[in-house]
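Visitor: I'd like to learn how to read the strands and the chain contacts here. Can you walk me through them?

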Amino acid sequence: MGPAFLLNENYSLNIIKSKISSIESEIKQFKQALLIAQAKTLDLKQKMINSLSKEEIKIYDAHLEILKDPELEGKTIDFIKSNSCNADYAVHEVTAEYTEILNELGDPYISARADDIVMLSRMLILILQKKEENKITLNTPSIIVADSITTNQLSSIDKNLVLGIITSHGGPTDHVAILSKALGIPSLVGLAKSISKIKAGSLLIIDCAKAQLILNPSLFYIKKYDLLLLKEKHESSIQLKKSHNNVTTKSGTSIEINANIGSLDDAKKAKSFGADGIGLFRTELCFLNSEKFPNENMHYSVYESILKEFPEVKHTIRLLDFGSDKPLSYLNNIKEENPALGSRALRLGFKHYDNLLKPQIRALLRLSNLFNIHILCPMIASEEDWIQIKETIILEFNQLNSEGIKINHLPRVGIMVEIPNVAFRPEFYIENVDFFSFGTNDLAQFLMAADRTNESVSNYLSQSKESILILIKNFTELAHKEGKEVSVCGELASDEKCLSYFLNININSLSMPPSLIPKIKNEIRNTI
Amino acid sequence: MIEKIIKIKDEIGFHARTSSLFAKQASAFQSEIFIEFNDKKGNGKSTLSLMTLGVKSQDVIKICANGTDEIKALETLEELIKNNFTT
């Protein structure tokens, strides 16, 4: 509920064809504008990388691809040359031709690309005219009302002041709807009829649960929704406050609730949302944009800066899980038919041992003098895999000590249980491995033979739940007999329907995205 | 210059994703790559250009490659189309 802020997106660009003196300098400016637009898009992608999923982030990759398109560049340059005209006019004409052709094809997928081109064309023209985009600057918390809103505008918004977004165009699957959902901003799209009646400052109520917009609500509705909002706010603030304490069920079962992190921002969130520790630090996320192999000191300083945010707790750090699905400039990736089943994680780490695994292991060992570090090994498929990595870590430990870099004690080393061959045979591992963490997402895709990144088979993944719970239960029973801890990370860890099951089998900890922690802790407190 | 006529079997044709995959593969070669369809000619290294051709499933297109690595280029792109754009 809040006042409407009318976004006049369609303030028109002023594009006039004019004769220019130097074709060369106009082309240079155009090329420069392309580079600036690419940099801006990359910047937005960076900003959003923590708030959006891998699929959603692809929106920005699609934009980058258009900005780098050879024909778009070539055609625009030809246009400037043959008309000896200004670059902004050329961009406008060339992109208009594209969008016209693409829209004529009448394919919804391709029309979405046409919308992207319109937005990028606008961005390029504004850069060429040295004007600023119509940024959304809110002074008071408001609901944004617009014909449409571009993903770029949405990305640059101050999220604290946006109470909601309503647009006249768009459906539930368009970019804005997906992005606003990921950002936790209530939104309603495709409300062309109602929107024309909204005046600036009108009071609005958006009820996403009912997909309802209430314009100029009566006192009755204002009171009703005030109360609802207050209740919601109150509940989440109580949950957040209590979240900073350890949690036990009513009958006294205790469980650690940890955070999954991959960046400095995540670590800050983990602390503020009341995580008991870091249950899964996905280290590869720190180096996706790196230009070259991160060296030992880079590993050290990146992790140190992140762990410092939340220093006193246990940090479970997973060794790099890169694979051929993550194109890295410094890894000469060989294309694989099935990257999830291919040369990834430790398999790749050993292939490039001196460049990938070795610097990371050394950095982690050095950091273990300062922090309570547990090393988690991904994609272990067999006893040999385990022995190889464990011996390697011991080797590096001895090596460091012999170099005069004193490492106080060998950190605990555990296995990420995500390959069925390990999940089925706990007896081979429980004696020698220090701890276990179930990676339920990968385990699900391997059990169901269903690629996690392939939408057409994604319905299979959830059907593996029961089997995975049985595997976890059997594993945990045996591990506990040896006094070894078992945790669960991945989707199932934050599945409220699995909570009582995990509590019953005395799982030691669950690890999940930081923002879910207060709610899950609250759930546990209310469990008998 | 060499050319080849190929039928598109992918369910949708040259839409956003497949055009992007094709352009990416084509860009790896030095040769010029063109697609001819319905009297239109598109730059094989440009996603935008490929999308504008409006190639649908079961359509027949002509791929032309011209340059030092034209044979390898044509083979690779033909393979890509035959495998329904899975690389």
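Visitor: How many bridges join strand β2 of chain B to β3(B)?

Guide: Strands of a sheet pair through backbone hydrogen bonds, either parallel or antiparallel. Two strands count as paired if DSSP finds at least two bridges between them. Here β2 (residues 32–37) of chain B and β3(B) run antiparallel, joined by 4 bridges. One pair to look for: Glu36(B) has Lys41(B) as its bridge partner in β3(B). Strands (E, at least two residues) and helices (H or I, at least four) are DSSP runs, numbered from the N terminus.

Guide: Before we go on, this is a predicted model: local features need pLDDT of at least 70, side-chain atom pairs count only at pLDDT 80 or more, and totals for chains, interfaces and linings use all residues. Residues are numbered from 1 along each chain as its sequence is written, with chains lettered from A and ligands numbered from 1 in the order in which they are written.

Visitor: What is the strand order in the open sheet of chain B?

Guide: The order is β1-β4-β2-β3, 4 strands with antiparallel pairing. β1 (2–7) and β3 (40–43) of chain B each have a single partner strand, so one side of each lacks a neighbour in the sheet.

Visitor: Which residues of chain B are in contact with chain A, in terms of elements?

Guide: Contact means C-beta atoms, placed from the backbone, within 7 Å. By that rule, 13 residues of chain B are in contact with 15 residues of chain A. On the chain B side, α1 (16–27) and α2 (47–52) each give two or more residues, and α2(B) gives the largest share, 5 residues.

Conventions
Contact = placed C-beta atoms within 7 Å.
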